[in-house]
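Please read the following briefing alongside the sequence and the model.

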Amino acid sequence: MGTDRTDLAVTTLPSGRRVVTDRVPGAASVTVLALVGVGGRDEPAAQAGVSHFLEHLLCKGSEGRSSTEVAEEVDSRGGDLDAFTDRERTAVQLRVPAHDLGFAVDLVGDLVLHPAVRPDEVEVERRVILEELAQALDDPEDRAHTLTNAALYGDHPLAREIIGDRTTLRALDPDRIAAFHRAEYHPGAMVVAVAGAVDHQRIVDMVAAWDATDPAHPGSTLAPRALPAARPRSSQVVRQGGEQVSLVLSWPLGPVDQPTRLPLAVLAHILGGGPASRLFRTVRDERGLAYAVDASLALYSDVGHLTAFAACSPEAVASVRATIAAEVERLATEGPTDREVEVAIGYVAGSSTLALEDAGTRAWWAAIGELERGGARPAPEWIEAYRRVTVDDVRAVARRLAQDPTVVAVGPVPRRTRL
């Protein structure tokens, strides 16, 4: 079944695997992205970190290609192979010159469908990931955000560190990792997106060839996810050495559906998305309390939260916390101004337009739209949807912030400081 939408085309193969192309005439490169709707949220507690562990192995080779062969094949073409994991998805992406399209589709399919979970490489990557975990624990900002998720989501899988922990990482062996891959990487959970100077039917034919070698069960779909329970506001201080305190304030947003995502993105930019934002202006420009201050959204398939972050001196922690909380309270009760919404929409739409010059961004947008947002849409349609966000839309989502924040501080916090 195929559907054309301007330069965007979508086909669902008989296996359930979806193929999306975004044609960019004249593009010198092509990006092939395999997006799987499985991440840290979907793991058994005893196997926390298995998605991320598998992601590392996906770039180490396949049953028929060694890690050295993969590295040499990609390097010899000037390509860029990357992979990542978050709480709800895993991806492998390869960017190459346009004339190497066939190689890119073949390699990505081989890596994603037939990863080589070799015992020796599992042990090497285990050591690498344990070092990655140690680095994250040593980074005050990273640790503050990890503790924030734990405070917001409690014993729900969204609370866990994507990397896993030392206990689960040491318990993951090749058999468990391979079993997770067989169970979760089925066609119905995967979107293959290709952006560049491509022909849709040619891509469909190449990806359809994957199914002849894929042992996964045809027609499988993503498993339902459990909603996290609401939790009371809390505060936590982790005192450790350093020059600055990493301070995170967060507000749960409750259920998040598609219509609220765009106003929330505008709201986050108004609060702390750039030099014109409220937090940048009040915390940095007017009071000089911090160099780094921003706000960001964490939006999952069903819920989300807004976070404000600042890195400041120990003496400024209380003032920064109070200033951020006051700005959010004012935004929740009074709402944004017309000009703030206008500027924020202009930024989001403008920066998104600039991002369209990158084939990787176009592939990502197409894949996310198809996997999670009711179907892929041409990028200009998403941008136009931002332009239709109204002041009332943003004021409605801002009211969700009318609550006390959860606060986490990591660093040399003075004993007398109260959060």
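The points below are grouped by topic, after a short note on conventions.

This is a predicted model, in which local features need pLDDT of at least 70 and side-chain atom pairs count only at pLDDT 80 or more, while totals for chains, interfaces and linings use all residues. Residues are numbered from 1 along each chain as its sequence is written, and side-chain values use heavy atoms, with hydrogens and water left out. Helices (H or I, at least four residues) and strands (E, at least two) are DSSP runs, numbered from the N terminus.

**The largest pocket**

- A pocket is an open set of points on a 1 Å grid over the protein atoms alone, with protein on both sides within 12 Å along at least five of seven lines, whereas a cavity is a set of points where a 1.4 Å probe fits but cannot get out; lining residues have an atom within 4 Å of a point.
- The largest pocket has a volume of about 1,500 Å³, where a volume is the space filled by probe spheres set on the points, and grid points are joined across faces, edges and corners.
- Its lining comprises 49 residues, and those nearest the centre of the pocket are Arg 89, Leu 297, Ala 298, Leu 299 and Arg 373.
- Among the elements that each supply at least two lining residues are strand 10 (290–299), strand 11 (303–312) and helix 12 (338–355), while helix 9 gives the most, with 6 residues.
- By class, the pocket lining divides into 20 nonpolar, 17 polar and 12 charged residues, where Ala, Val, Leu, Ile, Met, Phe, Trp, Tyr, Cys and Pro count as nonpolar, Asp, Glu, Lys and Arg as charged, and the others, Gly among them, as polar.

**The largest cavity**

- The structure holds 1 cavity of 30 Å³ or more, and about 30 Å³ of space lies in the largest cavity.
- The residues that line the largest cavity are Leu 8, Asp 22, Arg 362, Trp 365, Ala 366, Arg 377, Pro 378, Ala 379 and Trp 382, which divide into 6 nonpolar, no polar and 3 charged.
- Helix 13 and helix 14 each supply at least two residues of this lining, and helix 13 gives the most, with 3 residues.

**Strand 11 and its partners**

- Strand 9 (residues 245–255) pairs with strand 11 in the antiparallel sense over 10 bridges, with Val 248 opposite Phe 309; two strands pair if DSSP finds at least two bridges between them.
- Strand 10 also pairs with strand 11 in the antiparallel sense, over 9 bridges, and Ala 310 is the bridge partner of Val 293.
- Strand 10 and strand 11 form a hairpin with 3 residues between them.

**Strand 3 and its partners**

- Strand 3 (residues 18–23) is mostly covered, with 5 of its 6 residues buried.
- Strand 2 (residues 8–12) pairs with strand 3 in the antiparallel sense over 5 bridges, and the two form a hairpin with 5 residues between them, where Gly 16 in the turn has a positive phi of about 105°.
- Strand 7 (residues 190–196) pairs with strand 3 in the parallel sense over 6 bridges, with Arg 23 opposite Gly 196.

**The buried face of helix 15**

- Val 391, Val 394, Val 397 and Ala 398 are buried in helix 15 (residues 391–398).
- Seen down the axis of helix 15, these buried residues fall within an arc of 135°, so they line one face of the helix; the arc is that of the directions from the helix axis to the C-beta atoms.
- The buried residues of helix 15 pack against helix 9, helix 11 (317–334) and helix 12.

**Two residues in their surroundings**

- Asp 294, found in strand 10, is partly exposed, with a relative accessible area of 32%.
- Not counting residues up to four places away in sequence, Asp 294 touches Gly 272, Leu 279, Thr 307, Ala 308 and Phe 309, where contact means heavy atoms within 4.5 Å.
- Val 408, found in strand 12 (residues 406–411), counts as buried at 1% relative accessibility.
- The C-alpha atoms of Val 408 and Ser 234 are separated by 8.4 Å, although the two are 174 residues apart along the chain.

Note on methods. Buried means under 20% relative accessible area, exposed over 50%, partly exposed in between (1.4 Å probe, protein chains only).
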